[in-house]
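Visitor: I would like a guided walk through this model, please. Could you take my questions one at a time?

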Amino acid sequence: MVYTGVLTKMQTEFLEPIQYYLVFDNDFIHVNQLLNKTIGIKRVGYQCLSCGLDRPIFRQGFCKSCFFDKPVAGDWIMRPELSTAHLGKEDRDLEYEKKVQLQPHIVYLANSSNVKVGVTRKTQVPTRWIDQGAHEAIEIVEVPNRYLAGITEVALKDHVADKTNWRKMLKNDIEDVDLIEWRSNLKVFIPEEVTDYFVENNSETHLAFPVEQYPIKPKSLNLEKMPNYAGILKGIKGQYLIFEDDTVFNIRSNEGIVVELNV
Ligand SMILES: [Zn+2]
């Protein structure tokens, strides 16, 4: 079977293990069913996730001009503390920014290779944790807008990592830690205007990924350099496909690339 479509991050279902789907215009591929099968991936073009044109992808699935112009790629996406919709202040499109920023957000601790702090919209829990390949996670605060989440993350970054080591995550070089204890230790560093939003009663969420064989020395497939690859799928973790020969393919960082999948 050959499926053709533009890559966008895999849709997921929080089951045990997590279920993954690739959604193309005309096809819906249940990726878990491809485990132990050979998959060919071929780059055949580009399709910017905003304008839809066949232009090289710059970042986050967008062509260069969309990345710098469109409201969906404002700086406050990656740096929530720059959010200004709560002040009625526009970055690129106030209506859009109000819709996204003025809704409940979660600051969380997730453990994928090490414990890290992160921010997400409440509707994206636990999707965000799945996408990061975290095997355990917990909420720290639930706040009414993105700005408050952002300043909390900035304050906590001095005391806990904010990045994942993707190689460790994929090698499953992990340990279980007590995130409730981590959260209580970090509580004193939460900014004063956010302390009322601390999540008191909660338990850790545990996530199980469909992986049959972890890579020993993961090497990342770059479709720009190698436009044609084939391998046997051995697992899916985060937004990565893991192949038998230790090749790993990050679907998320290849968004906007049009591929032919040969299954
Ligand atoms: Zn574009």
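The conversation below goes from the whole chain to single residues.

Visitor: What kind of model is this, and how are residues numbered?
Guide: Happy to start there: this is a predicted model, in which local features need pLDDT of at least 70, side-chain atom pairs count only at pLDDT 80 or more, and totals for chains, interfaces and linings use all residues. Residues are numbered along each chain as its sequence is written, starting from 1.

Visitor: How many helices and strands are in the chain?
Guide: Helices (H or I, at least four residues) and strands (E, at least two) are DSSP runs, numbered from the N terminus. On that basis the chain holds 7 helices and 14 strands.

Visitor: What radius of gyration does the chain have, beside that of a compact globule?
Guide: The radius is taken over C-alpha atoms, and the globule rule is 2.2 Å times the number of residues to the power 0.38. Along its principal axes the C-alpha trace spans about 55 × 40 × 25 Å. For 263 residues the rule gives a value near 18 Å, which agrees with the chain's 19 Å.

Visitor: What share of contacts between residues at least 6 apart in sequence join residues at least 24 apart?
Guide: Two residues are in contact if their C-beta atoms, placed from the backbone, lie within 7 Å. Among the contacts you ask about, the share is 67%.

Visitor: What is the strand order in the open sheet of 3 strands?
Guide: Two strands pair if DSSP finds at least two bridges between them. S2 and S3 (residues 19–23) pair in the antiparallel sense over 3 bridges, and S3 and S4 also pair in the antiparallel sense over 3 bridges. The order is therefore S2-S3-S4, with antiparallel pairing.

Visitor: Which strands stand at the edges of this sheet?
Guide: Look for strands with a single partner, since one side of each is then left without a neighbour in the sheet. Those are S2 (11–13) and S4 (28–30).

Visitor: Which residues make up the covered face of S3?
Guide: The uncovered face holds Gln-19, Tyr-21 and Val-23. The covered face is made of Tyr-20 and Leu-22.

Visitor: Is Leu-156 buried or exposed?
Guide: A residue is buried if 20 or more other C-beta atoms lie within 10 Å of its own, exposed if 12 or fewer, and partly exposed in between, with C-beta atoms placed from the backbone. Leu-156 is found in helix H5 (residues 146–157) and, leaving aside neighbours within four places in sequence, is in contact with Val-117, Leu-186 and Phe-189. Because 23 other C-beta atoms lie within 10 Å, Leu-156 is buried.

Visitor: Is Asn-36, with its positive phi, buried or exposed?
Guide: Asn-36 lies in the loop between S4 and strand S5 (38–46), and its phi is near 70°, positive in a residue other than glycine. With 11 other C-beta atoms within 10 Å, Asn-36 is exposed.
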